[in-house]
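We will go stop by stop.

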Amino acid sequence: RQQGEQQAARLEDKIRRLHTLDQTTRHLYQDTTPPTGNNSDTVMDEVVNGDMDQEQLTAFFEKTMHLSHEDAAALAEFTSRFRDYAKKTHLTDKEAVDSYAIILASTSYGGAMWTTAAGTLTNKQLVALLGLMGYKDGKGPGSAQYFISQMFNMHKTDGKNRDSIDFIHEMASLACILNTAPGGLIYHLSGTDVEDQPQFRLHGPLFDKYPWLNSEADDRSDEIATWSGDIASGAGGRADWNADMDAVNIHRAMKANPKESPRKAADDYYTSIGRGDTERNRARRFCAGYDPTGSNDPQKGLKWLEDNAAYLSTASPGAHLLKDRFQATTDQQDKAREDFLSTLRQEIK
């Protein structure tokens, strides 16, 4: 028992270290409220109001994410358990947002690349952490392994369902985006840099040819972690694109209001796109953020994406890595890019 407690303590320490941001990005997620009370009740900082009970969460996931009742109930149960865990360990808003995304991403994404880019856990670490939340040993219902399998199967199923949102994919994208501190894989692979930290500047023919790769003003971490990364890998579908758009939109909302809690930023986002046609609202907000004139015109943003999507999904080091990793052909990348743009054209009307 003592050995188990020591292992759990080391695991919790590892989780906390994963959430340590570099000072250059920490200000985006600062939380000046003591980690007590409702501020620690951060079960769904990125997706839903933390006051929802488990039954309401199930209904929310069914309606908003278009999940089956069984999958929605499993996700709601995990969310409820995570809420208790966040309170017990006094996670800040930022730590809880990261933890929630990392844990769910870890059910389907693994390996050295994902561990470095998103901070995902090994299966052994994931099982141990879920055990701290009350999941049982073994492989039957109620066990950590059963939950992991259910989320993995949900990810595989939703990735092929044009009417759903691949929520696990969204959490993986969000984990990558939130792990963009200097020195992190996505930070380098998207080409970001800051002038006062020349040790992070990358050199070589690729960076001479594409100067924006070393420009802070052209930070493309959000893109390589989401839609341009999917295009580079030669894969993607409606569920992937929806998840990518939500991840980018939520992160924008967090950056636009750095003193606002992540929970409120996410709640406001899902409330706003839920009024009327959710798909249209999501796509229009996503495209508006790419309007080069700054007027938030979805059509101008779409035009910018049509002109630059190929470049962003092939030019960066991350794009080259993903192309090689998934052995994507140029035809597959072209097809994925057109599917992405076609989805945008259909949904912003």
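Which residue lies over the face of Tyr135? Select Arg81: Arg81 is 4.2 Å from the ring centre of Tyr135. A charge counts as over a ring if NZ of Lys or CZ of Arg is within 6 Å of the ring centre and within 35 degrees of the ring normal.

A word on the model. This is a predicted model, where local features need pLDDT of at least 70 and side-chain atom pairs need 80 or more, while totals for chains, interfaces and linings use all residues. Residues are numbered from 1 along each chain, and side-chain values use heavy atoms, without hydrogens or water.

Next, select Phe78, Phe82, Tyr85, Tyr100, Tyr135 and Phe147. Ring pairs link these residues into a cluster. Zoom in on Phe78 and Phe82. Their pair is tilted, with 6.1 Å between centres and 40 degrees between planes. (Rings of Phe, Tyr and Trp, the last by its six-membered ring, pair with centres within 6.5 Å; under 30 degrees is stacked, over 60 edge-to-face, the rest tilted.) Phe78 and Phe82 are about one helical turn apart because they are four residues apart in helix H4 (residues 69-88). Helices are DSSP runs of H or I, at least four residues, numbered from the N terminus.

Now select Leu130. Leaving aside neighbours within four places in sequence, Leu130 is in contact (heavy atoms within 4.5 Å) with residues including Phe78, Tyr135 and Phe147.

Last stop: Arg252. Its charged end sits over the ring of Tyr290, 4.7 Å from the centre.

Notes: Helix = DSSP H or I, 4+ residues; strand = E, 2+ residues; numbered from the N terminus.
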